[in-house]
Structures are given as C-alpha cells and as structure tokens.
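Have the sequence and the 3D view open as you read.

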Amino acid sequence: MRNSTIRAVNRLTARWAEQAVADDTGTVLTAVGVWPLLALLADGAAGPARGELSEALGISADSAAAAARELLADLSGVRGL
C-alpha cells in the first residue's frame, strides 16, 4: 500500500473527526471503510462530482480506482479486520 493512499485516508478521517467529535466521549471512527468506495465512484464520475470526490479523497480521480484496489488488497491481509 502506498503511503500517499494511507495519508489520504487519514486526512479524510481527520476531517470527519473534526466535525463529528464535539466532546471527550471517546468516539472512534475511520474513513478506511468508505474511502475505497468514494475512490471507485470518483473513477467513474464526471464534471463537478469528479472534482468533489477527488477533493474529498485527497488524491486525483485519475489514480483513485488503482489506489482503492491496492488498499482493499492490503486490508484483506490484516488479521482481525
């Protein structure tokens, strides 16, 4: 898995956490479950949607599908996931 993909997933998680967590309630969340879906959608999107998805992902829509496949392949090897 490329470090750029990991950083992109972490940035999306951080943006969500900034908006979702308002106090010290111990909330845990991660974008790793939805990031590949958004990446695959970005690959097939056009117009403003493609740009919006690319911005949310933190990577170019042109490389999004390959990054999603790579991330999913690597996650399949994580024990307990």
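Predicted model: local features only at pLDDT ≥ 70, side-chain atom pairs only at ≥ 80, totals over all residues.

Leaving aside its neighbours within four places in sequence, which residues is S54 in contact with? Residues are numbered from 1 along each chain as its sequence is written, and side-chain values use heavy atoms, with hydrogens and water left out.

Now to S54. Apart from neighbours within four places in sequence, S54 is in contact with I59, S60 and A61, where contact means heavy atoms within 4.5 Å. S54 lies in helix 3. It is buried, with a relative accessible area of 18%; buried means under 20% relative accessible area, exposed means over 50%, and partly exposed is in between, using a 1.4 Å probe and protein chains only.

Let's step back to the whole chain. It has four helices and zero strands, and from the N terminus on the elements run α-α-α-α. Here helices (H or I, at least four residues) and strands (E, at least two) are DSSP runs, numbered from the N terminus. The C-alpha atoms fill a box of roughly 40 × 35 × 15 Å, taken along the principal axes. Of the 81 residues, 28% count as buried. Among contacts between residues at least 6 apart in sequence, 48% join residues at least 24 apart.

How confident is the predictor? The chain averages a pLDDT (the predictor's confidence in each residue, from 0 to 100) of 87, and 96% of the residues score at least 70. Confidence is lowest in helix 1 (residues 3-20), at a mean of 85, and highest in helix 3 (residues 47-57), at 95.

At 1.5 Å a residue, its 18 residues should span 26 Å, and its end C-alpha atoms are 25 Å apart, which agrees; the expected span is 1.5 Å times one less than the number of residues. The buried residues of helix 1 are T5, A8, V9, L12 and T13. They cover an arc of only 130° around the axis, which puts them on the same side of helix 1; the arc is that of the directions from the helix axis to the C-beta atoms. An α-helix has 3.6 residues a turn, so residues three or four places apart point the same way. What covers the buried residues of helix 1 includes helix 2, helix 3 and helix 4. Take T5 as an example: at 2% relative accessibility, T5 counts as buried, and it touches W35, A67 and L71, not counting residues up to four places away in sequence.

W35 brings us to helix 2 (residues 35-44), whose buried residues are W35, P36, L38, A39 and A42. These cover an arc of only 160° around the axis, which places them on the same side of helix 2. They pack against helix 1, helix 3 and helix 4 (61-75).

Where do the nonpolar residues gather? The largest nonpolar core has 18 residues, and those with the most contacts inside it are W35, A39, A42, L57, I59 and A64. A nonpolar core is a set of buried Ala, Val, Leu, Ile, Met, Phe, Trp, Tyr and Cys residues joined through side-chain atoms within 4.5 Å. Helix 1, helix 2, helix 3 and helix 4 are the elements that give two or more residues to this core, and the largest share, six residues, comes from helix 4. I59 touches A8, W35, S54, A64 and A67, not counting residues up to four places away in sequence.

In helix 4 we also find A65. At 5% relative accessibility, A65 counts as buried, and its contacts, leaving aside neighbours within four places in sequence, are A39, L40 and D43.

Finally, how many salt bridges does a search of the whole structure find? It finds one, with a salt bridge taken as a side-chain nitrogen of Lys or Arg within 4 Å of a carboxyl oxygen of Asp or Glu. R50 forms it with D62, the closest N and O atoms being 2.5 Å apart. The pair links distant parts of the chain, R50 in helix 3 and D62 in helix 4, 12 residues apart. R50 is partly exposed, with a relative accessible area of 22%, whereas D62 counts as exposed at 64% relative accessibility.
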